[in-house]
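Biologist: Hi! Could you walk me through this structure while I have it open on my screen?
Modeller: Happy to, let's bring it up.

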Amino acid sequence: MKETIERHPHDVLVVGAGGAGLRAAIEAADQGASVGLVCKSLLGKAHTVMAEGGVAAALAHVAPADSWQVHFRDTMVGGKLLNNPRMAELHAQEAPDRVRELERWGAVFDRTADGRILQRPFGGHSHPRLAHVGDRTGLEMIRTLQDRAVGAGIAVYMECTISHLLTQPDRVTGAFGYWRATGRPVVFPAKTIVLATGGVGRAYQVSSNSWEYSGDGHALACLAGAELLDMEFVQFHPTGMVWPPGVKGLLVTEAVRGEGGILRNKDGERFMWKYLPEDRRHEYAATDEEATTWVEAQSAARSTDARRPPELSTRDNVSRAIYTEVREGRGTEHGGVFLDISYLPAEHVRRKLPSMYEQFKELADVDITTGPMEVGPTTHYIMGGIRVDADTGATTRQGLFAAGEVAGGMHGANRLGGNSLSDLLVFGQRTGAGAAAAAAAAPELRHIDPIQVREAERDLSAPFDRPGRADPHRLHEELQSTMQSQVGIFRTEADLEEAIRRIGDLRSRWPDIGISGGRPYNPGWDLVFEVRNMLIVSEAIARSALQRRESRGAHSRLDYTEPDPAWARLNSVVRLADDGLEVTTASVPELPDELRPLIETE
Amino acid sequence: MPEAQLRVFRGSPGSSGRLVDYDVPVEEGMVVLDALHWVQAHLAPDLAVRWNCKAAKCGSCGAEVNGRPRLTCKTRLSDFAEGEPITVEPMRAFPLVKDLVVDVSWNYEVNRRIPPFQPPPDRPQETWRWQQEDIERVQEFRKCIECFLCQDVCHVLRNHETERPFMGPRFLVRAAGLEMHPMDTADRTSHLKDEGGIGFCNITKCCTEVCPEHIKITDNAIIPLKERVADRYYDPIQIAWRKLRGRGSETGPAADDGNAP
């Protein structure tokens, strides 16, 4: 019965083939490393394809006044200054080069009248800044990177799930997983590993995320001894579909509001006027007329002195506004609010928002050129993630790197729309370089501990030995319901403590999970390890949220409704301890003197 | 609550496979993929289905629904008459992995061999300018989500399970997106003719009909590429012109020909 496990050694192993993983793999290969790229799905299907609105970069093609300094400031202000300032600085400085590089590699962005890359406005950005392709920017990005990676000869291992990281006391040494098509185990010895596994949205009931988003990288890093940062900051995107039930949570791009979409409650009131934070009100239009002037200028791609509409407030704020309207009885029949773009010419709407037009027509029988959409908040993104070094993507565990959504620090307490695609590119490139350099400095592949491989194999096969016991689907549903109702947009101490208790209960039932059927392509079996990962991540979120006794950015406490100056300069840190997850704090890295003037006024 | 009767292919390579009936409670707006997920969560946890986004953006969940290639995430149960069984089978043009999942790796091989995007070495990027209307056709091709439904429906590919002489509609679309890119300088004509087997397409437009992105595959991608190949290899005037200028018909155009139509 004993057989040798398939092995694929590489200098750099990248786990995850979305924007960050692909960009990291390309960079590491360019630096001369032997690179393996592992992904749970087929190549080109990663969650990046779902990104719609655009990639933020201060190209200053539409607004000449834009610059990396303004982008840096917007990012820090949007993140309530909890961002790692070095990450925000590198991001703002390097995003334009990364976007131009995509164009050099064949990406075809929409154009300005003078033939350059067009940029659209988005919430929280001072200027039109998002390079885009209609509302399918993520697809353009992933296809461009995919073609580049394939052209570079990178070894791609598709539909392969990494379930365990292999370690020595001083560093990570490789990864263990299985081929989904056959269920057979596989080992990837590697000098360095880049985690680029995306987010955690599947832990919630209502989410815009695909099934892959089960917090795999967060959990693997945590189990391997790396630290997680700011896990309480989960972004609830203001506009997901709410009807019909089968599509609840599906994303409605912020580009709808960028193009002029108006939010109204069931009484027809444009409610966002009520929710603009006082200290930012001067950045927004004062009247409907001014907002309309801005939209008209926008549609014609000309500059204007009019200020942006209130709908383009930051995502955390718009989500809370919609949630509050619905809770106070001013929601639509299906528990959402109206988002209306139908006052613009139908042809314009179809050209600028083609996939939204299709999505509503085909899935909800709504023509968005003639009537409003119904929308409500949906779990979309996690600002928190693995704690990394800004310049190289190195985690706190030797040999382990992270980039993209799975990494923390860049976005602080709230991410601006469009900053995640640029994050993937900037830190994908930097982390690929960092991992390749560390691999080059490591003399040879380290010994893979056979005991760890045997234990991992035992973990994989164990669920088949207990068919009929706990069902992974039920555990998953219970977790989703807990996270949705108790660790959602508004939180309280009592809810969070109850959630932690329930997650603990689920964790104690996890080893009982039993699976029927065989190993080949068995989604129930896939779910066993995804539930393990989601339980770890969910507990990290709930414990961090309990610790932060204030409201800031995307983290809103009903029992501590205001920001607390004592928390203003503290990040949350989660690590694995002997008796479970341990939550502490760390100081936000100091703002360097030369950047201080950029946000001094805040 | 009304129920839908799903008839789902279950099987593995080497076994004959069979259709299994599942009754699924129907909620408003439900799509076939929702019904398959309900089956996984309640009746058959090991039912193999490939999917990712459930938003018609990733192209993973293609299958044959009542014999027609479709994205299951976009196919609503309300499209079928009540009481009518909904048969869901894997895409037939590719080898079976399990149940509704097929091995599409051949497509990735075909893609890898297409000559990549090649911008002009002597045109700095700062000087690149093009108008929106110049790229609308290329953007149409780049909408492709690689669901491979067009490959599945293509009778050339269906009729040649192995040793396929034809790259298929998906990759003609990709090649067209590269060929019509305003900054591309590579020449793919011989690749399209020989390895790509573009001549095998006899323009039945089945691919266009099944495309969930509504790309006019035949009219906008394949026919213009066929014309390029015909101009190069079969147009007697062009052949004579090339001979006159001392080049054989099998070589690509020199740089001064540019990226001729």
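Predicted model: local features only at pLDDT ≥ 70, side-chain atom pairs only at ≥ 80, totals over all residues.

Biologist: How many residues of domain 1 of chain A are in contact with domain 3 of chain A?
Modeller: On the domain 1 side there are 37, in contact with 32 residues of domain 3 of chain A. The area buried between them is about 2900 Å², and carbon and sulfur atoms give 60% of that. In domain 1 of chain A, the residues that lose the most area to domain 3 are A:Ala203, A:Tyr204 and A:Glu232, together 21% of what that side buries.

Biologist: How many salt bridges are there between domain 1 and domain 3 of chain A?
Modeller: The count is 3 salt bridges. As for other details, A:Lys40 and A:Glu530 form a salt bridge, with their closest N and O atoms 3.0 Å apart. There are also 17 residue pairs in polar contact across the interface of domain 1 and domain 3 of chain A, both at pLDDT 80 or more.

Biologist: And which elements supply the domain 1 side of chain A that touches domain 3?
Modeller: Strand S8 (160-168), helix H5 (216-223) and strand S12 (234-241) of chain A each supply at least two residues there. The largest share, 6 residues, comes from H5(A). By class, that side has 20 nonpolar, 10 polar and 7 charged residues.

Biologist: Switching to the chains now. How many residues of chain A are in contact with chain B?
Modeller: It's 61 residues of chain A, in contact with 56 residues of chain B. The two chains bury about 4800 Å² between them, 51% of it on carbon and sulfur atoms. On the chain A side, A:Lys45, A:Val108 and A:Tyr521 lose the most area to chain B, together 14% of what that side buries.

Biologist: What's the salt bridge count between chain A and chain B?
Modeller: There are 8 salt bridges between chain A and chain B. For B:Lys74 and A:Glu358, which form a salt bridge, the closest N and O atoms are 3.7 Å apart. The side of chain A that touches chain B divides into 25 nonpolar, 14 polar and 22 charged residues.

Biologist: Is helix H1 of chain B largely enclosed or open?
Modeller: Helix H1 (residues 32-42) of chain B is largely enclosed by the rest of the structure, because 9 of its 11 residues are buried. Among the buried ones are B:Leu33, B:Leu36 and B:Val39.

Biologist: What do the buried residues of H1(B) pack against?
Modeller: They pack against H14 and H16 of chain A, together with strands S1 (3-10), S2 (18-25), S3 (62-65) and S5 (86-89) of chain B.

Biologist: One last thing, where does A:Tyr560 lie?
Modeller: A:Tyr560 lies in the loop between strand S19 (556-557) and strand S20 (570-577) of chain A. A:Tyr560 is partly exposed, with a relative accessible area of 29%.

Biologist: Which residues is A:Tyr560 in contact with, leaving aside its neighbours within four places in sequence?
Modeller: Those are A:Glu493, A:Arg549, A:Glu550 and A:Ser551.

Key
Residues numbered from 1 in each chain as written. Chains lettered and ligands numbered in written order. Heavy atoms only, no water. Helix = DSSP H or I, 4+ residues; strand = E, 2+ residues; numbered from the N terminus. Buried < 20%, exposed > 50% of the residue type's maximum accessible area, 1.4 Å probe, protein only. Contact = heavy atoms within 4.5 Å. Buried area = accessible area lost by both parts, 1.4 Å probe. Salt bridge = Lys/Arg side-chain N within 4 Å of Asp/Glu carboxyl O. Nonpolar A, V, L, I, M, F, W, Y, C, P; charged D, E, K, R; others polar. Polar contact = N/O pair within 3.5 Å; in protein donor to acceptor, adjacent residues only side chain to side chain.
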